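Let's walk through this structure together, one set of contacts at a time. Have the viewer open and follow along.

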Amino acid sequence: MNKQAMLRIKRLQQEMIQTQKEIEQTEFSATSGPVTLVMLGKKEIKSVVIDKEFEFVDRDDYEMIEDAIVALSRQLISEIDEYTEEKMSKYTSMFGGMGGLF
């Protein structure tokens, strides 16, 4: 590879790293009933908020809250995966053809 091609690859690598950092800090949120979950792009839960107006009447309410947290977590992980794929596809398509060097 010539020097210009190597510089281009290095620049793209830096862009890819910056894009990954931006994805990791992006906040994703979803709500189900009285539960709102916020997750960072690095798939770390930032917050779980239960509406203060929600009144727990019986044990089923606790189970509903638990189920909502699990479902929202799965939903956000899926959204993060899609978002990451969209943002990183530019790089994976370029570097994927380089014999797994990246």
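Helices here are DSSP runs of H or I with at least four residues, strands are runs of E with at least two, and both are numbered from the N terminus.

Before going further, please keep in mind that this is a predicted model, in which local features need pLDDT of at least 70 and side-chain atom pairs count only at pLDDT 80 or more, while totals for chains, interfaces and linings use all residues. Residues are numbered from 1 along each chain as its sequence is written, and side-chain values use heavy atoms, with hydrogens and water left out.

How exposed are the two partners? Lys90 is partly exposed, with a relative accessible area of 39%, and Glu15 is partly exposed too, at 27%. On this scale, buried means under 20% relative accessible area, exposed means over 50%, and partly exposed lies in between, using a 1.4 Å probe and protein chains only.

Now turn to Glu27 and Lys46, which form a salt bridge with their closest N and O atoms 2.2 Å apart. Glu27 sits in strand β1 and Lys46 in strand β3, so this link ties together parts that are 19 residues apart in sequence. Glu27 is partly exposed at 45% relative accessibility. Another salt bridge joins Asp81 to Lys43, with the closest N and O atoms 2.5 Å apart. Here Asp81 comes from helix α2 and Lys43 from the loop between β2 and β3, so parts 38 residues apart in sequence are tied together. Asp81 is partly exposed at 35%, and Lys43 is partly exposed at 40%. Salt bridges with shared partners also join Arg11, Glu15 and Lys90 into one network. The count by this rule is 4 salt bridges.

The strands come next. Three of them form an open antiparallel sheet in the order β1-β2-β3, where two strands pair if DSSP finds at least two bridges between them. The edge strands, each pairing on one side only, are β1 (27-32) and β3 (45-50). Between β1 and β2 (residues 35-40) there are 6 bridges in the antiparallel sense; Ser29, for example, has Val38 in β2 as its bridge partner.

Which aromatic rings meet? The count comes to 3 aromatic pairs, with rings of Phe, Tyr and Trp (its six-membered ring) pairing if their centres lie within 6.5 Å; planes under 30 degrees apart count as stacked, over 60 as edge-to-face and the rest as tilted. Phe28 and Tyr83 make an edge-to-face pair, 5.3 Å centre to centre with 75 degrees between the planes. Phe28 is in strand β1 and Tyr83 in helix α2, so the pair ties together parts that are 55 residues apart in sequence. Phe28 is buried at 10%, whereas Tyr83 is partly exposed at 26%. Phe56 and Tyr62 have ring centres 4.4 Å apart and planes at 20 degrees, so they are stacked. Phe54, Phe56 and Tyr62 form one aromatic cluster.

Note on methods. A salt bridge is a side-chain nitrogen of Lys or Arg within 4 Å of a carboxyl oxygen of Asp or Glu.
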